[in-house]
Amino acid sequence: MTAIKHALQRDIFTPNDERLLSIVNVCKAGKKKRNCFLCATVTTERPVQVNVIKVKKSDKGDFYKRQTAWALRDLAVVDAKDAVKESPEFDLHFDKVYKWVASSTVEKNTFISCIWKLNQRYLRKKIDFINVSSQLLEESVPSGENQSVAGGDEEAVDEYQELNAREEQDIEIMMEGCEYAIANAEAFAEKLSRELQVLDGANIQSIMASEKQVNILMKLLDEALKEVDQIELKLSSYEEMLQSVKEQMDQISESNHLIHLSNTNNVKLLSEIEFLVNHMDLAKGHIKALQEGDLTSSRGIEACTNAADALLQCMNVALRPGHDMLHAVKQQQQRFSDLREQFARRLASHLNSVFVQQGHDQSSTLAQHSAELTLPNHHPFHRDLLRYAKLMEWLKNTDYGKYEGLTKNYMDYLSRLYEREIKDFFEVAKIKMTGTTREGKKFATLPRKESAVKQETESLHGSSGKLTGSTSSLNKLSVQSSGNRRSQSSSLLDMGNMSASDLDVADRTKFDKIFEQVLSELEPLCLAEQDFISKFFKLQQHQSTSGTTMNEVEETDGVALSRSYTSAVPQTVSSEKDMIRQMMTKIFRCIEPELNNLIALGDKIDSFNSLYMLVKMSHHVWTAQNVDPASFLSTTLGNVLVTVKRNFDKCISNQMKQMDEVKISKKSKVGILPFVAEFEEFAALAESIFKNAERRGDLDKAYIKLIRAVFDSVEKVANESQKTPRDVVMMENFHHIFATLSRLKISCLEAEKKEAKQKYTDHLQSYVIYSLGQPLEKLNHFFEGVEARVAQGIREEEVSYQLAFNKQELRKVIKEYPGKEVKKGLDNLYKKVDKHLCEEENLLQVVWHSMQDEFIRQYKHFEGLIARCYPGSGITMEFTIQDILDYCSSIAQSH
């Protein structure tokens, strides 16, 4: 163990300036035995630090390494397990309990004893040593004995002191004078003893020689004691004399304290009185203004406002503790309360009378607006009432019950006033919308009641609500040919040179202007009223003030109004912003149903009006939401926009339904189908209406639905057509659709435009091939036989040796088709094509040119076969390609 201790000191602790005092070989209790060493060390530098270090042998060699270090000051308990019975187990309680088993009991006891001594020497802290023998816990170790336990080396080292230079010099001199000391230590020790005795005798003689001086010193000390006693006697007399002075000074000090306390109390009392006088005294002028102030003039209103503010300040002053117990303060507070109640009652009565008076003045101006599509201006009314805005704020802060009563009275009055104005306004709008029929007749002035307006509208447009005379087929259940539609429309017009489409455009433009004017009149009216409400009733439009539950909520006509039974302002359930919206809903409760009725009327007049209404309403909703998304105007217009969007969707659905229910005439050619022309009309109108509109996406979705329905319906009609070939119906209608989409340049229908062009091209080619057929029938049959022989393996130049296909037979067939017969056949073909095609689409020349190209292609094919199968025969057709061109041109010009 000594060798290990020496090795650990040399390799681990000396490089770290530490000294190893004790070591014990241990392993952890209850685990596989992997031995390690617990070392008790101290640092060589001051202040000394004591550590317990765990050292473990490295797995890669024979050297040791530090694994864990604990400071001795962190050690709380040392548990030796048994103080009587020897046991190698012990526990050390640091941050947690470490259980160890020593290799021997002696090593364990030596290590614990060393820990105890280090604690006593350096830490002096309360470390609990439990189950440890008292023999190991020694208080001190005799200095004269050789110490064999751990820690002795440390104490011996600490007692050793290095010789200084003088001591070294004296020892050297002494050693030089006793050269034999090294050889004879006893003689040297005897000599030193003799010299020490000589020095002791000299010291004694010196002490005896100084006895006289000692006696003199003692005498001086006795005299000094006598002087001290005299001074003490004088001090005692002085203290008795000062005792009476002290009592007098105490009395003076107590008197001064009482005077200072009295002055302090007087200053505080004066401060309290000044506070009450300054903050709870209302000027006589203010009292007079509150009691008798004129609430009709601007000067009187200003005086009442200042007086009310001063009264509010006096009532809201923060009293100091105890003020509310003063009789004068109670009287003043009661006086203020009476003044507040009196003025609040007078103010509420006056404002109610102002509401009534303004209502009479406003009603007198309704007559001049009854025949115009304008709403009365409430700005003068608002301007006059805004003079009382500060008083309303005062009333809101002091007597919320009266403030709420005024709010309800204002809403009741305004709701009736606005209801009359808005209903008259919408009646004028309905009259202007239905004032001119399609035939140009003027309606008489309509009654006010909306039911009468609806009755008259239905009588004009039929019980189903559809215009019977409109050129638009959107409201028709059966689709007729384009020629019949034109004749019917012209028979209904009695307006000179104005066409049906011009009349439709005029009516729709008129409706658009009226609808826009209605929205333009309603928007500033609502915004002005909302701005006035926020200013007059002191409600924040753009700032939410959350509140808690109030005393009671009263429901009046669908509008929740707070109700309080105290004069203080209660905590509201909803924000002031919601209060504004509730008031606006109560005041303008008739706007939304009137707008819905107007929209229903416009949709009944012409379903295309839903396009105008969707664009206009979307724009106004977008504008309102930019100002305040949660405002009454934004919410109301948004609700109405939903209705408009439903009407728009219904319009699209009706058109698709009519396409699906289309019926065609079996006796006349089809031509351009009515719903194809109507899609063109719808698209042209929609593009003009939705230009730069916010709801363009809705139109694009409707386009997709409509165009697919048009495609399906065209194919359906083409399949059912008996008079006109299917290819002609498809070709003409898809050509018309392609031309429409190309002209309007609708970006969302690019794919459909390409599809329409492809269908037109395919059916044009199909119709040309089908109609042209085989104009030289026998010649076609002859050359089909030739091609069949070639396909069977006969060489082309050997076909002429076949009996049925020799040169003689070919000449016979060619002679049957002279130029005149060819021209006659082409002329009959032209007449047939002319009967199939309609004049509206003007595709005759295109089809004829395609047939000419197809005929020339067949001609070139026959010539090629003659050249390959009958080489050198000199056989040719009796007409040339130029003859074909001349025949086709002549036929086209003659017709």
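This is a predicted model: local features need pLDDT of at least 70, side-chain atom pairs count only at pLDDT 80 or more; totals for chains, interfaces and linings use all residues.
Strands of a sheet pair through backbone hydrogen bonds, in either a parallel or an antiparallel sense. Here, eight strands form an open sheet with mixed pairing, in the order 4-3-2-1-7-6-5-8. Strand 4 and strand 8 (128-130) stand at the edges with a single partner strand each, so one side of each has no neighbour in the sheet. On average, neighbouring strands of this sheet are turned by 30° against each other, direction ignored.

**Strand 3 and its partners**

How many of the eight residues of strand 3 are buried? Seven of them are, and strand 3 (residues 50-57) is thus described as mostly covered. Strand 3 pairs in the antiparallel sense with strand 2 (residues 36-43) and runs antiparallel to strand 4 (residues 64-71) as well. A hairpin of six residues joins strand 2 to strand 3. The table lists the bridges of these two pairings.

| Strand pair | Sense | Bridges |
|---|---|---|
| Strand 2 and strand 3 | antiparallel | six bridges |
| Strand 3 and strand 4 | antiparallel | seven bridges |

Individual residues show how strand 3 is placed between its partners. Ile-53 is the bridge partner of Cys-39, and Ile-53 also stands opposite Ala-69 in strand 4. Lys-57 stands opposite Tyr-64 in strand 4.

**A pair of packed helices**

Two packed helices are described by the angle between their axes and by the distance between those axes. For helix 19 (residues 632-660) and helix 21 (residues 696-720), the angle is about 10° and the axes are 9 Å apart. Because angles under 35 degrees count as roughly parallel, helix 19 is roughly parallel to helix 21.

Which residues of helix 19 meet helix 21? They are Lys-645, Phe-648, Ile-652, Gln-655, Met-656, Met-659 and Asp-660. On the side of helix 21, the residues met include Asp-698, Leu-699, Ala-702, Lys-705 and Leu-706. Ala-709, Val-710, Ser-713 and Lys-716 of helix 21 also take part in this contact. The residues of the contact comprise nine nonpolar, two polar and five charged ones.

Methods. Residues are numbered from 1 along each chain as its sequence is written. Side-chain values use heavy atoms; hydrogens and water are left out. Axes are lines fitted to C-alpha atoms, for helices over the stretch in contact, and angles run from 0 to 180 degrees between N-to-C directions. Helices (H or I, at least four residues) and strands (E, at least two) are DSSP runs, numbered from the N terminus. Angles under 35 degrees count as roughly parallel, over 145 as roughly antiparallel, 65 to 115 as roughly perpendicular and the rest as oblique. Contact means heavy atoms within 4.5 Å. Ala, Val, Leu, Ile, Met, Phe, Trp, Tyr, Cys and Pro count as nonpolar, Asp, Glu, Lys and Arg as charged, and the others, Gly among them, as polar. Buried means under 20% relative accessible area, exposed over 50%, partly exposed in between (1.4 Å probe, protein chains only). Two strands pair if DSSP finds at least two bridges between them.
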